[in-house]
Amino acid sequence: MAHGFFPGRSAWLIAYTLVVTLLCVLVFTGNGLIDTVAFLALLAPLFIASDFDKCDPRVGMPVLAFVLLCALPLVGMRNTFYLDVAIQVGIFAVLALGLNIVVGFAGLLDLGFIAFFAVGAYLWAIVSSPHGAALLGTGFPLQGDAFFVIAIVAVFVAAGTGALLGLPVLRLKGDYLAIVTLGFGEVIRVLANNLDKPLNITNGPQGIAGIAQPLTEVAGTLATTTAPAFKWQALIYYAVVLTLVLVAVLANRRLDSSSIGRSWLAIREDEIAAQAMGVPLVRTKLIAFATGAAFAGTMGVLFAAKQTFVSPESFDFNQSIGVLAMIVLGGLGSIRGVMMGAGLVTILNLQVLKSLSAGLNHLRATGFEIFGWSFANLPTQFEPSKYERLIFGLILIAMMLYRPRGLVPAERRPISAGNAGSAS
Amino acid sequence: MSFQLALELLPPTLADGLILGLLYATIALGYTMVYGVLGLINFAHSEIFMVGAVVAVELLTYVLAGSPLHPVLQLALAMIVAAAVSAALAGLAERVAYRPLRRSNAPKLAPLITAIGISLFLQDAVRFVESLFGQFIRPFPSMPFFDIPLPLTPNDSIPMKSVVILIAAGAMLVGLRYTVNQTRLGKAIRAVATDRMAASLMGIDVNRIVMLTFLIGGALAGVAGTLYALQFGRVDPFSGFIPGLKAFTAAVLGGIGSIPGAMVGGIVLGLIEMLIGTFVPILTNNAIGTEYKDIFAFGILILILIFKPTGLLGRPSTEKV
């Protein structure tokens, strides 16, 4: 048999990517479950192509670029819902990468991570909404284009909040830290819920509406000059999210192989030994905390702008646990794993559980029978989309018992003093 | 605020604070005992407490309602069943999610993460089961006996349930103190808490003692759940979270790992919380309302951890390499 007859891995990957893209773009059915599978199939090349140990970067990089820059926007044009899903995945991927620094690299269990996300979201909500204008006076609300400035401000505000929380509590051992961060998450939520009096800062449980969006003129121009029906604003968010994901991944990689990354690893593995080797404990932990918080703060700004509405509900304990489930599922400390975890959990939440609920509701409505038992008997309270805690709980337990290092375990790379900076 | 008003509000506030404190103490014992023997914070404890409360409320609503038994006996029965269910659940959690991790060389964070997993799972599992039968927020059934007012001061009275809770929770604490200090089992628990390795060399079956510790802690949580539902009149799948956090704060306040510490810490926290919840809104003209009492309780936790990490009664710990 001629050796050249079988194309190599790379060729298969390219062929698969093209075929799936074509199928997705041409024959999107509108059926939730089938489209979800198709969408996941479209994301699969991202996972394979980013494994540079097995896949040649000269093939992997173009495949990544093609899927992210071409296939996903095209599918998004067909059905804006999927662009939205991609944006959500991106937001959570960056959040997960931020938490990965704290939990994965430095080994500090943070159960109130979403609080920093809330800080960023409320920051943009207050400075850019009519509600904030009433509070802050002249000059406000800021226009949508201040978004990029505030996103950078949010990096520092969130990092500052992280440091402020970290200073008193980082001297604690791991389990104390977990519960203090959990409480901190609650505190932020209680504050968001109750700071509508004496001075109305957060507008309480009603939340803040009418938040400005960035680059609305650009979206408007694109709509008038090209396709008016298409949601250009969503595409702009997609571009912004994609950039931020890229920045986050690069930052994670660089931090992982930097000297601070080595210090994090050292305190994660053995605090006392690390201290004995001259790693300053509090400062190193503080940097981890602040860096993770900065990621979350920036994404908070983006989240608020995209939703144009924030309320305390979006920042409850469930969300913190959701992000934790992402990184535990993917693999603590493993960048590819964390990204995959973010994708899987977000899609599970946004699509799989919802379409399962819809499917079951359909079966109930039609009175479908299986072994003489009618689905009409299924209690109406049972909707898979309402039981995400149960699923997260099972994921956390099962992963810790059977694959404590995640689906894509982080690798241990030996690094000698000579090439410490360049290996990655 | 007039001095007169403060004087009038003080006795009922103190009584409520003491009750809340005893409940926190009963829950906190579960955290502190497990921490004592394993050095692990059992995050799932708050949900084990919640399940106890739900079981007791359901029993009183559907099984014991209308029975000729005296209300106190009904409550006692519900309490025993709730304690048994909670204990079984705590034991199951230890068997399924903690023990396997002790054997394998799991990462340090692993038991904490499985504990959170169990917590989440129990919340939704209870919500699912409850919503099969209607609302998942369950009111405590009406039992007029527990609302009989008893005079506290000339102007004030406390309901019968307060006295019942005081006696029941107090008896639990005394009983536990006796068990830990005077019995063979208690001696074994203290031995394992002091040094697990040495205890096993002395012929103590460490896994059995750890299991028993979980069972005792779970049973106490079940009792506390029943009493908590009686005091606050309702229970839902998420009502374990905040009391659990507070009880943990109480355990840390008293010195985690210390049994008398958990009792003292619980009572102190209950009193502080009630006093703040009553008097701060009055002092600040409602600018800082009762909603903030959780934040105060939590601020106390952070302050203790900064200034006296070993708590009020905890022993100073030395780190071993």
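Helix 5 of chain B, residues 160–182, has 23 residues and covers 32 Å between its first and last C-alpha, close to the 33 Å expected at 1.5 Å a residue. The model described here is a predicted one.

**Helix 5 and its surroundings in chain B**

The buried positions of helix 5 of chain B are B:Lys161, B:Ser162, B:Val164, B:Ile165, B:Ala168, B:Ala169, B:Met172, B:Leu173, B:Leu176 and B:Val180. The elements of chain B against which the buried residues of helix 5 pack include helix 1 (3–38), helix 3 (71–103) and helix 10 (259–283). Strand 3, helix 6 (184–194) and helix 8 (206–232) of chain B are also among the packing partners of these buried residues.

**The hairpin of strands 2 and 3**

Strand 3 of chain B (residues 156–159) pairs with strand 2 of chain B (residues 149–153) in the antiparallel sense, over 4 bridges. The two strands form a hairpin, with 2 residues between them. B:Asp156 in strand 3 of chain B is the bridge partner of B:Thr153, and B:Pro159 in strand 3 of chain B stands opposite B:Pro149.

**Chain B as a whole**

Chain B contains 11 helices and 4 strands. Its radius of gyration is 20 Å, close to the 20 Å that the globule rule gives for 321 residues, so chain B is as compact as a globular protein of that length. The C-alpha trace of chain B spans about 60 × 50 × 35 Å along its principal axes. Of the 321 residues in chain B, 50% are buried. Among the contacts in chain B that join residues at least 6 apart in sequence, 77% are between residues at least 24 apart.

**The contact between chains A and B**

Contacts between the two chains involve 33 residues of chain A and 37 residues of chain B. On the side of chain A that touches chain B, two or more residues come from each of helix 7 (147–169), helix 8 (174–194), helix 14 (317–330) and helix 16 (388–402) of chain A. Helix 8 of chain A gives the largest share of that side, 11 residues. The composition of this side by class is 24 nonpolar, 6 polar and 3 charged residues.

**The domains of chain A**

Chain A is divided into domain 1 (1–78) and domain 2 (82–320). The centres of these two domains of chain A, taken over C-alpha atoms, are separated by 31 Å. Their contact takes 7 residues from domain 1 of chain A and 8 residues from domain 2 of chain A. On the side of domain 1 of chain A that touches domain 2 of chain A, helix 3 (residues 57–78) of chain A gives the most, with 6 residues. That side of domain 1 of chain A has 6 nonpolar residues, 1 polar residue and no charged residues.

| Domain 1 of chain A, side touching domain 2 of chain A | 6 residues | 1 residue | no residues |

Notes
Residues are numbered from 1 along each chain as its sequence is written. Chains are lettered from A and ligands numbered from 1 in the order in which they are written. This is a predicted model: local features need pLDDT of at least 70, side-chain atom pairs count only at pLDDT 80 or more; totals for chains, interfaces and linings use all residues. The radius of gyration is taken over C-alpha atoms; the globule rule is 2.2 Å times the number of residues to the power 0.38. A residue is buried if 20 or more other C-beta atoms lie within 10 Å of its own, exposed if 12 or fewer, and partly exposed in between; C-beta atoms are placed from the backbone. Ala, Val, Leu, Ile, Met, Phe, Trp, Tyr, Cys and Pro count as nonpolar, Asp, Glu, Lys and Arg as charged, and the others, Gly among them, as polar. Domain bounds come from an automatic or database domain assignment. Two strands pair if DSSP finds at least two bridges between them. The expected span of a helix is 1.5 Å times one less than its number of residues.
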